[in-house]
Amino acid sequence: MRAQRLREEKRRKIIKTTGITAAALLVVGGVAFAGYMEYQRRNIDGVQTFEGLTNNHVTEPVDYEQSPPVGGDHHAAWQNCGVYADPVTSIHAVHSLEHGAVWITYDPELPDNQVAALEALYTPGSYVLVSPYEGEMPAPVVASAWGRQIAVDSPADERLGQFLRLYEQSSDVPEPGASCSGAIPYTEAEIEQAGGLEAVMSGQTATMDQE
């Protein structure tokens with residue numbers, strides 16, 4: 001009987017030790033997997049990083065080093081997030097990037113169905129700008145955040161969605177949490193046709209006063 005009790009006690013110790021070891025391995029494995037997934041999430045293939053960007057307020061056009069721009073000096077008013085059928089002014093869009101927006105630009109010759117897919121990436125309240133871009137671009141579709149950019153051939157590229165999830169309203173911007181509405185709702189052509197930004201803004205103020 002004594003030998004049997006010793007065998008039972010030994011068996012319980014083995015089971016206990018095995019259970020503890022298995023639980024520890026699961027925890028370590030879970031942490032490692034979570035770390036790997038976070039690494040994958042933050043390391044999107046093809047994303048370019050740009051450092052040393054200035055963020056002064058200016059009134060004149062800026063000759064940005066990147067096309068489309070990913071940051072730099074910009075106008076004091078930002079471009080409202082949303083969908084635009086025509087190009088917007090870069091000095092306003094860059095200010096939106098400073099607030100945590102992602103600016104999705106595309107070749108004006110992009111097929112309509114692909115344009116529609118890009119426009120669907122914006123939902124009311126989201127920090128996303130979608131507009132055609134007439135300057136040079138490294139690919140038909142480019143997504144830009146402050147200091148970050150990725151170029152893809154079409155909206156079907158899954159990296160575009162990954163980029164949005166990682167950088168939209170990122171805290172790694174000069175002014176995180178700042179607004180992406182209540183400022184410039186006009187395209188570059190509309191501003192030019194109205195005689196410049198000051199004319200557009202004064203007309204908007206007059207309309208608001210009448211209302």
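The following exercises, each with a worked solution, concern the predicted model shown above.

Residues are numbered from 1 along each chain as its sequence is written. Local features need pLDDT of at least 70, side-chain atom pairs count only at pLDDT 80 or more, totals for chains, interfaces and linings use all residues, and side-chain values use heavy atoms, with hydrogens and water left out.

**Exercise 1. Determine where tyrosine 64 lies and whether it is buried or exposed.**

Step 1. Helices (H or I, at least four residues) and strands (E, at least two) are DSSP runs, numbered from the N terminus. Tyrosine 64 belongs to the loop between strand 1 (48–49) and strand 2 (82–83).

Step 2. Buried means under 20% relative accessible area, exposed over 50%, and partly exposed in between (1.4 Å probe, protein chains only). Tyrosine 64 has a relative accessible area of 15% and is therefore buried.

Step 3. Contact means heavy atoms within 4.5 Å. Neighbours within four places in sequence aside, the contacts of tyrosine 64 include Pro69, His74 and Ile91. Isoleucine 91 is 27 residues away from tyrosine 64 in sequence, yet their C-alpha atoms are 9.4 Å apart in space.

Step 4. The tyrosine 64 side chain also reaches the backbone oxygen of aspartate 73, at 2.5 Å.

**Exercise 2. Identify the cysteines that form the disulfide, and describe their link.**

Step 1. A disulfide is a pair of cysteine sulfur atoms within 2.5 Å. The structure holds one, formed by cysteine 81 and cysteine 180 with their sulfur atoms 1.8 Å apart.

Step 2. The pair links distant parts of the chain, 99 residues apart: cysteine 81 is in the loop between strand 1 and strand 2, and cysteine 180 in the loop between helix 4 (158–167) and helix 5 (188–193).

Step 3. The link is right-handed, with 70° about the S-S bond.

Step 4. Cysteine 81 is buried at a relative accessible area of 10%, and cysteine 180 is buried at 7%.

**Exercise 3. State how many salt bridges the structure holds, and describe each one.**

Step 1. A salt bridge is a side-chain nitrogen of Lys or Arg within 4 Å of a carboxyl oxygen of Asp or Glu. The structure holds two.

Step 2. Arginine 148 pairs with aspartate 172, the closest N and O atoms being 3.5 Å apart. Arginine 148 counts as buried, at 16% relative accessibility.

Step 3. Arginine 159 and aspartate 157 form a salt bridge at 2.8 Å, N to O. Arginine 159 is partly exposed at 21% relative accessibility, and aspartate 157 is partly exposed with a relative accessible area of 21%.

Conventions:
Polar contact = N/O pair within 3.5 Å; in protein donor to acceptor, adjacent residues only side chain to side chain.
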